[in-house]
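Hello,

Here is the structure I promised to pass on. My notes on it follow below.

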Amino acid sequence: MKRVIAIDGPAGAGKSTVAKIVAEKLGYTYIDTGAMYRGVAWKTLKQSQTATDEDILRAVQEIDVRLACTENGTRVTVDGTDVTQEIRTPEVTHIVSRVAALGPVREKMVELQRAMAADGAIVMDGRDIGTNVLPNADVKIFLTASVEERARRRYDEMKEKGYAVNFDDLKREIALRDKQDSEREISPLRQAEDAVLLDTTSLSIDEVVTYVLKLSE
């Protein structure tokens with residue numbers, strides 16, 4: 001049976017890392033919805049540094065966002081340009097919540113995401129997969145962790161990539177993003193009623209993956 005697995009949760013909870021490994025072990029396709037919104041944010045910044053709502057809506061009108069699973073992980077292209085690395089910059093991260101909060105942006109991305117999931121055998125992660133994008137998913141999981149732990153993970157990730165970051169600033173940014181994602185009017189971040197809650201604060205990646213795989217049997 002080609003199952004559909006939805007993994008939701010706030011920034012830094014480990015969604016992408018866990019989803020990638022689970023998809024690989026099951027032989028499924030991993031769909032990083034956050035990368036799609038980051039693609040819109042990247043294009044917005046390329047076209048205008050002001051990144052107003054009007055700028056974002058202009059960028060998404062004719063956008064072509066694609067995900068491709070390769071041996072080196074998921075590659076992201078926007079209008080034919082590989083932006084896999086570029087969408088992970090602090091500048092993109094800073095505006096992605098505002099991008100994702102706009103109705104026309106979400107409508108376009110959700111349409112693409114549902115089409116990708118139509119044939120099953122996928123693991124999709126994001127903020128509203130189990131509640132909005134794929135409400136009939138076979139397995140729904142909501143990953144979370146303390147703000148402190150999520151900030152530490154993001155700090156380590158950014159430092160490894162060579163970015164100069166401040167831990168306290170990251171902690172405040174993550175807390176603010178939690179607030180923005182949870183309070184937005186359209187498809188807010190929340191746990192689906194039938195989702196399994198898993199706090200990853202004190203768990204290793206392997207422990208979380210093992211748990212998710214058991215739920216997916």
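Leaving aside neighbours within four places in sequence, Val65 is in contact with Met36, Thr77, Met109 and Leu112. Bear in mind that this is a predicted model. Val65 sits in strand 3, which covers residues 65-70. Its relative accessibility is 4%, so Val65 counts as buried, the cut-off being under 20%. Glu24 is 41 residues from Val65 in sequence, and the two C-alpha atoms are 22 Å apart.

Next, the nonpolar cores. The largest has 35 residues. Val40, Val105, Met109, Met124 and Leu134 touch the most other members. Several elements give two or more residues to this core, including strand 1 (4-8), strand 4 (73-78), strand 6 (122-126), helix 2 (33-47) and helix 5 (103-117). Helix 2 supplies the largest share, seven residues.

Val40 is worth a look in your viewer. Not counting residues up to four places away in sequence, Val40 touches Ile56, Ala59, Val60, Ile63, Val99, Val105 and Met109. Another core lies apart from the largest one. This other core has 18 residues, among them Ala13, Ala23, Tyr28 and Val123. As background, nonpolar side chains tend to be buried together in soluble globular proteins.

Last, the annotation. An unreviewed UniProt entry lists residues 5-215 as "domain: Cytidylate kinase". Over residues 5-215 the chain is 52% helix and 18% strand. The end C-alpha atoms of that stretch are 10 Å apart.

Best wishes

Key:
Residues numbered from 1 in each chain as written. Predicted model: local features only at pLDDT ≥ 70, side-chain atom pairs only at ≥ 80, totals over all residues. Heavy atoms only, no water. Helix = DSSP H or I, 4+ residues; strand = E, 2+ residues; numbered from the N terminus. Buried < 20%, exposed > 50% of the residue type's maximum accessible area, 1.4 Å probe, protein only. Contact = heavy atoms within 4.5 Å. UniProt positions renumbered as here; feature names shortened; annotations may be inferred. Core = buried A, V, L, I, M, F, W, Y, C linked by side-chain atoms within 4.5 Å.
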